[in-house]
Each structure stands twice: as structure tokens, then as C-alpha cells.
Amino acid sequence: MSRRLSKLCLGLTSVVLLVFLTFMSSPAHAAERLIGLHSAQVMSQSMPWIAQEAGLFKKHDLDFRLVFIPSSPVATAATLNGDAEIGLTGAIGNVRAYVQGFTDLVFIGGVKNILTHSILAKPEIKRPEDLKGKRVAVGRFGGNTHYFTIQALKRFGMDASKDIQTIQTGGGPETLAALLGGSVDAAGLVAPGDSAAVSRGFVYVINGPELRIPYGATQFVTLRSVIVKRGAVIGQFMRVMAESAKIMHTDKPFVYKVLGKYLRITDTKVLDAAYQSEIPALERRLEVHDAALQASLDEIAPLDARAKKIKPQQLIDRRYLVELEKSGAFGS
């Protein structure tokens, strides 16, 4: 394991260990225990919240604990270190680790295979060209928002490394706060952050969903060794996610209630705008697309030639998706 990855693992262990010890000290019962993680407080990673509020974990006899780790690379480190058995996170950190030789990592499903971020700015910034020389906020360097900003500007003949000043904020809520507070001129945001910005008078400079840039924005990832040891439990979890996805796509009032609770958004107009823009990009059948992972391999290849020899299919195990399809868990 690289020194950088080791440091990430060590820095994270105390946090996850506390959750784990609390978890293990709970009274014994029949439910299977499972620790998962997610890396962003956004709609595309809200299915565990929906499942919790709908009682789906209890229904399927799972005692599930969710840990929030606001970075795909750090979340990858946690998975490799055995601190969590299932992750709902961006693909890039996991693909990079796989390229570096950590081939135990495997994708077993997907929620979002394109980027739906957008760049919003002050009203006086109307066109992509107007962003030149401006301060543009992203969550983390190397994360989904940063990648989107680079690729979106490239579509308009611009170079993010030269034409803008990229500011790292730490995450979606922090990016929105930076934009609203005036410390940046523009920001890369995803639902519901973009809708919240619009409600405060900011405007879309680049509408990301229209570009449909392939990318593993939100994927389910685990370890092949975990599947060997706890394959049935991972299968239970994926069935819960299948039912949660059905709720996501069919029960807007319930979804709004959940998003409102966990994201602390009470404005129904903001929730509705976010839902309407994001839901077309979310996978009803939890499919993970080859093109989404290929985008990460292509991103890594200029810095690590090993990525050129890897095919997306090597990173994917579709056994649970096949089982769910056969059982009718996804519905019609």
C-alpha cells in the first residue's frame, strides 16, 4: 500500500473504530450487521437514508450503520483497510487504487453514470468565456466536481488549469456557502446545491446535465474478499437498495421528506427543482456502465500507464444485479 494511502487509512481509523465499537456493543440479535460509507451528502447518495426512513433495513434483517467520509480517495482507503464493507461513492478513488494494484476492489452496482454538476455564478457572469480569470469553487481537487469543471470547460475550448482559479472548499455544502458568501465568483454544484443557489439569485453558466459527461459519479463498491466471506449479506443490502431505488423514482413526497431531513432543506421549490433535474440521471436498475469507469481510466492514464491495460469489465461484478433482475426486485 502506498504511503499516502496508508496515512489516509490511519487518519480515518479512529473515527470508524469509534462507530465500530459502538456498533459491536449493541445487544445481540438476529439481524446481520453491516457497516457502509458514503462520500457526499447529495441526492444520488441518499438511498441508504431512504431505506432507513422506510424501514427497509429492518425488513430485510440488516443492522446497517452508515459512515460519512467526505472524499472518494479517503473512502477508498477505508474500504481497503476493512473499516467498511460496502461503499456508495464516486468511482475515481477506487479505480485509481485498482490501477495501483488493489484489485480486490470491485464495483457491484451504480446509481449515477454521468455527471450532473453545473457551474453557477453571479448574474453578471453569463457565458463560459466570462469565467476566465475568475475564482471557481469545487469540493475537492481530484473529486467529481473538479473533474466536471475540467471537462465542462474543455467542451467550450477552455483550460481549467490556465483560464480559471480553482478553489477547493471541502465539499458540496462548503462550496455553496462559498458562493453565497461571495468568496468565489462561481462554483461547481450538484443537486440540490445548484437549486439552492438559483433560489438566491445565482445563474447557470454551464448546465451539466445537458452535457451528459460519462463518469462513475455514484457507484456501489466492495471487496471481492468480502463477497467471498459475506456474499449473502451484501446481497441483502443490494436488495434493500433496489427497493430504495424504486421509492426514489416513484414516491416524490417521501423522497422530499427524507432529503429535507438529512440535507436540512425545507424549501419545497428547491427540493422539487433538484429532484426534477437529477432523477433522469439516476439508474432505476442500479446498473454500472462500462463507459463511466472508462472515463476514470482515461483520466488516470496520462499519469499512470497501467490504466491503459485495464478494461472496465475487470472492475465489475454484476452477480447481484443479475439476481435482482431475475427476482423482479426492480419491477417492470
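Select glutamate 32 and arginine 230 to start: their side chains form a salt bridge, with N and O 3.1 Å apart. A salt bridge here is a side-chain nitrogen of Lys or Arg within 4 Å of a carboxyl oxygen of Asp or Glu. The two partners come from distant parts of the chain, glutamate 32 from strand E1 and arginine 230 from helix H11, 198 residues apart. Helices (H or I, at least four residues) and strands (E, at least two) are DSSP runs, numbered from the N terminus. Glutamate 32 counts as partly exposed because its relative accessibility is 32%; buried means under 20% relative accessible area, exposed over 50%, and partly exposed in between (1.4 Å probe, protein chains only).

A word on what you are looking at: this is a predicted model, in which local features need pLDDT of at least 70 and side-chain atom pairs count only at pLDDT 80 or more, while totals for chains, interfaces and linings use all residues. Residues are numbered from 1 along each chain as its sequence is written, and side-chain values use heavy atoms, leaving out hydrogens and water.

Next, pick glutamate 243 and lysine 59, whose closest N and O atoms are 3.0 Å apart in a salt bridge. Glutamate 243 lies in helix H11 and lysine 59 in helix H3 (residues 56–59), so this pair ties together parts 184 residues apart in sequence. Are these two partners buried or exposed? Glutamate 243 is buried, at a relative accessible area of 16%, whereas lysine 59 is exposed, at 54%.

Then go to aspartate 304 and arginine 306, which meet in a salt bridge at 2.7 Å, N to O. Aspartate 304 is buried at 15% relative accessibility, and arginine 306 is partly exposed at 42%.

**Glutamine 45**

Now select glutamine 45, in the loop between strand E1 (32–38) and helix H2 (47–54). This glutamine is buried, with a relative accessible area of 2%. Where does its side chain reach? The backbone nitrogen of alanine 40 is at 3.0 Å, and the backbone nitrogen of serine 39 lies 2.9 Å from a polar atom of the glutamine 45 side chain. Show the surroundings too: leaving aside residues up to four places away in sequence, glutamine 45 touches His38, Ser39, Ala40, Leu88, Thr89, Gly90 and Thr218, where contact means heavy atoms within 4.5 Å.

**Strands E4 and E10**

Color strand E4 (residues 105–115) next; 11 of its 11 residues are buried. Strand E10 (residues 213–223) runs antiparallel to E4, and eight bridges join the two; strands pair if DSSP finds at least two bridges between them. To find your place along the pair, look for glycine 109, which stands opposite phenylalanine 220 in E10.

**Helix H12**

Finish at helix H12 (residues 252–263). Highlight Val255, Tyr256, Val258, Leu259, Gly260 and Leu263, which are buried in H12. Their cover includes H2, helix H11 (224–250) and helix H13 (268–278). Last stop: arginine 264 follows H12 and has a positive phi, near 55 degrees.

Terms used
A polar contact is a pair of N or O atoms within 3.5 Å; within protein, one must be able to donate a hydrogen and the other to accept it, and residues adjacent in sequence count only if both atoms are side-chain atoms.
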